[in-house]
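Please keep the structure in view while reading.

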Amino acid sequence: MSVEKDLETVEWDVGEEGHITVDNSECVDCEEKPCLHLCPAQCFDYQEEREGGIYFSYEHCIECGSCMVFCANDPDRGAVSWTKPDGGKGVEYDLG
Amino acid sequence: MVDFDVIVVGAGRAGTAAAYKLAEHGIDVALVERAKEAGMKNVTGGVLYGDVLSELVPEFPDQAPLGRHVVEHNVRILNEGTSIGISYRDPAILDEPNYTIQVGRFDQWFVKKAEEKGAVFIPETTVRDVSQRGEEVLVETDRTGGDLTCKAVVGADGVNTTVGRVAGIRETVRNENVGQSVKHVIDLDKSTINERFNLEPGEGAAYAFEGFPEGVPGLGYFLYTFESSIAVGAVASMSSLEKYGKQGYSGRGTPLYDLLDRFKELKAVKPLVEGGSTTEYQGILVPKYKYSNLPQRYDDRISLVGDAAGLTLNKGFTFRGLDFGIKSGMCAAEAAIGSDQNQDWDSFGQRYDKLLNNSYVMTEMKQHRGIPSVVENEKFFDEYPAVAREVLEHTFSTSGDASGLTWRQALRSLRKRDIKLRGVLADGWKAVRSF
Ligand SMILES: Cc1cc2nc3c(=O)[nH]c(=O)nc-3n(C[C@H](O)[C@H](O)[C@H](O)COP(=O)(O)OP(=O)(O)OC[C@H]3O[C@@H](n4cnc5c(N)ncnc54)[C@H](O)[C@@H]3O)c2cc1C
Ligand code: SF4
Ligand code: SF4
């Protein structure tokens with residue numbers, strides 16, 4: 001089972017504006033790029049030709065908070081601005 | 001005039017327990033929740049150790065949407081394809097109200113119970129700021145005109161607490177104090193579950209696994225049985241996940257969901273999980289604080305409860321947070337009831353902390369304060385299981401060079417790894433003392 005398939009089981013009511021934003025000009029200096037393997041919803045993508053390399057899409061974020069910890073709160077990184085979606089928006093689990 | 005006496009932010013079990021108890025005592029309370037319906041944002045494993053909920057809602061076993069009554073606990077240590085395990089059944093645990101729960105369903109029921117007592121539930125509302133202004137606390141939300149005032153706030157908004165951060169009570173979560181978890185809910189029919197796990201109808205089993213892949217500390221897996229599904233997940237401390245990733249296991253690092261997939265393919269695991277289809281994938285953080293570095297959890301008129309206050313205890317084979325959340329919510333309610341009686345809301349936070357400190361939550365966290373250093377000790381995940389495997393192979397195998405006395409094999413295995421017997425005894429003693 002790949003995570004793409006896993007994510008097909010999840011539902012969202014996607015907000016109009018991103019609750020998380022990534023200033024990817026900060027990513028140039030980030031060697032490890034932990035976002036690529038630590039986001040459990042694969043919201044971070046790497047493209048060589050892009051400045052900073054990182055594309056970010058918030059639509060399939062499962063709001064775990066990991067990128068707040070390893071990027072927003074990390075003094076050596078800080079490309080991520082992290083908040084929770086507006087009331088009623090974002091991920092909707094059934095079972096939990 | 002304030003809008004409510006108390007505003008509880010977050011309708012997980014911690015917040016709902018607080019709201020329930022407050023409403024029961026006639027306190028004017030609002031329960032503010034960002035999801036459309038209670039539970040929609042929430043994730044657990046999980047086994048609810050239900051004694052404390054019985055105290056608050058004695059009728060819960062008959063009314064709440066529960067999974068199975070947990071009658072068996074299993075611990076398995078994996079090492080290079082070997083599985084060494086303990087299975088524990090005991091009539092003594094049959095009387096305990098411990099059940100598997102899916103919080104998505106459970107929280108909806110619990111919030112209804114709090115509403116029946118008189119709590120006002122305000123869903124679809126994300127709290128953005130909380131600030132004390134003299135005699136009142138202002139709770140700002142993302143709804144136009146949705147700001148509310150009250151005498152005191154209970155921050156029950158989970159591991160990524162907004163209340164704790166915007167009120168400046170606690171520092172933001174750091175790598176070393178948090179773990180990531182991902183989980184699959186897999187549909188399986190009832191009879192398959194009963195046969196596969198050797199259970200009678202309604203009976204449930206809980207499994208904890210450690211030691212895969214070898215040498216990664218702070219990484220564990222769990223499996224819980226529900227009526228007609230199982231939950232299988234992985235929990236890893238963020239720092240080991242980041243470190244493990246850096247070692248470049250597969251180019252840029254190995255995501256936890258890949259580890260979970262590989263775990264499910266192991267010979268010792270596959271027969272337990274195969275068959276059904278995955279109906280839900282989830283991911284969330286879990287607090288991993290030690291007693292010694294627990295974050296601040298109160299200000300004059302604000303208290304933090306449950307995961308927002310870092311109140312979880314990971315013993316490696318059990319993980320507690322649901323009951324700690326409920327109990328800390330009850331402590332916050334009791335503190336507010338006291339403040340109401342004395343008309344002294346400025347000492348609400350302090351009162352809460354005192355009640356919490358005297359409760360079993362802090363007693364247990366204190367008693368088990370040594371566990372984090374045991375479960376983060378790499379030897380327990382790599383070298384010791386390898387030694388155990390060699391010793392057991394020597395004991396059970398009748399072929400090859402498996403001759404001689406078992407204790408000699410144990411010493412041989414230790415020597416091969418350059419492990420000193422004194423070190424083993426010291427680690428063992430530390431583990432025994434902390435558990
Ligand atoms: C994989 C896994 C397995 C676990 N297994 C077990 C187990 O077997 N046994 C056990 O006892 N514990 C277990 N735990 C721990 C347990 O799940 C948690 O400790 C517990 O759920 C914490 O409850 P809580 O009420 O504090 O927080 P949560 O359940 O996180 O509730 C927080 C609530 O606040 C809301 N909220 C957040 N921010 C805002 C905001 N700004 N405005 C409004 N609302 C907001 C959220 O939507 C949510 O409803 C497990 C945890 C995980 C992740
Ligand atoms: S971890 Fe943060 S800074 Fe580094 S690449 Fe990812 S988003 Fe950019
Ligand atoms: S909160 Fe979690 S799921 Fe969302 S982008 Fe950050 S790491 Fe990914």
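## A region taken from a record

Helices of at least four residues and strands of at least two are DSSP runs, numbered from the N terminus. The model described here is predicted. In an unreviewed entry, UniProt lists residues 4-172 of chain B as "domain: FAD-binding". Over residues 4-172 of chain B, 27% of the chain is helix and 35% is strand.

How many cavities of 30 Å³ or more does the structure hold? There are three cavities of 30 Å³ or more. The second largest cavity contains about 130 Å³ of space, and this is the space taken by ligand 2. Its lining comprises 15 residues, and those nearest the centre of the second largest cavity are A:Cys27, A:Cys30, A:Cys35, A:Cys71 and A:Ala79. By class, the lining of the second largest cavity divides into eleven nonpolar, one polar and three charged residues.

The residues that surround ligand 2 include A:Cys27, A:Cys30, A:Cys35 and A:Cys71, together with A:Lys33 and A:Arg77. This shell has eight nonpolar and two charged residues, and no polar ones. Around ligand 3 there are 15 residues, of which A:Cys39, A:Cys61, A:Cys64, A:Gly65 and A:Cys67 come nearest. The shell of ligand 3 consists of twelve nonpolar, two polar and one charged residues.

## The largest pocket

Rolling a probe the size of a water molecule over the atoms shows where empty space is left. The largest pocket has a volume of about 520 Å³. It is lined by 18 residues, and B:Val75, B:Ile77, B:Glu210, B:Phe317 and B:Phe380 lie nearest the centre of the largest pocket. The lining of the largest pocket has 14 nonpolar, two polar and two charged residues.

Four elements of chain B each supply at least two residues of this lining: strand 4 (69-79), strand 5 (82-89), helix 14 (371-375) and helix 15 (383-396).

Of its 18 lining residues, B:Tyr49, B:His73, B:Glu96, B:Asn98 and B:Arg320 lie nearest the centre of the second largest pocket. Helix 2 (51-56), strand 4 and helix 13 (360-367) of chain B are the elements that give two or more residues to the lining of the second largest pocket. Strand 4 of chain B gives the most, with three residues.

By class, the lining of the second largest pocket has eight nonpolar, four polar and six charged residues.

Which residues of chain B are joined by a cis peptide bond? One such bond joins B:Gly45 and B:Gly46, with omega about -20 degrees. B:Gly46 lies in the loop between strand 2 (29-32) and strand 3 (47-49) of chain B. Another cis peptide bond joins B:Phe212 and B:Pro213, with omega about -15 degrees. B:Pro213 is in the loop between strand 12 (203-210) and strand 13 (219-225) of chain B.

In chain A, A:Lys33 has a positive phi of about 45 degrees although it is not a glycine. A:Lys33 is found in the loop between strand 2 (20-22) and helix 2 (35-38) of chain A, and A:Lys33 is also one of the residues that surround ligand 2.

Conventions:
Residues numbered from 1 in each chain as written. Chains lettered and ligands numbered in written order. Predicted model: local features only at pLDDT ≥ 70, side-chain atom pairs only at ≥ 80, totals over all residues. Heavy atoms only, no water. Near = heavy atom within 4 Å. 1 Å grid on protein atoms, 1.4 Å probe; cavity = no way out; pocket = protein on both sides within 12 Å on 5 of 7 lines; lining within 4 Å. Sits in = over half its atoms within 2 Å of the grid points. Nonpolar A, V, L, I, M, F, W, Y, C, P; charged D, E, K, R; others polar. Points joined across faces, edges and corners; volume = space filled by probe spheres on them. UniProt positions renumbered as here; feature names shortened; annotations may be inferred.
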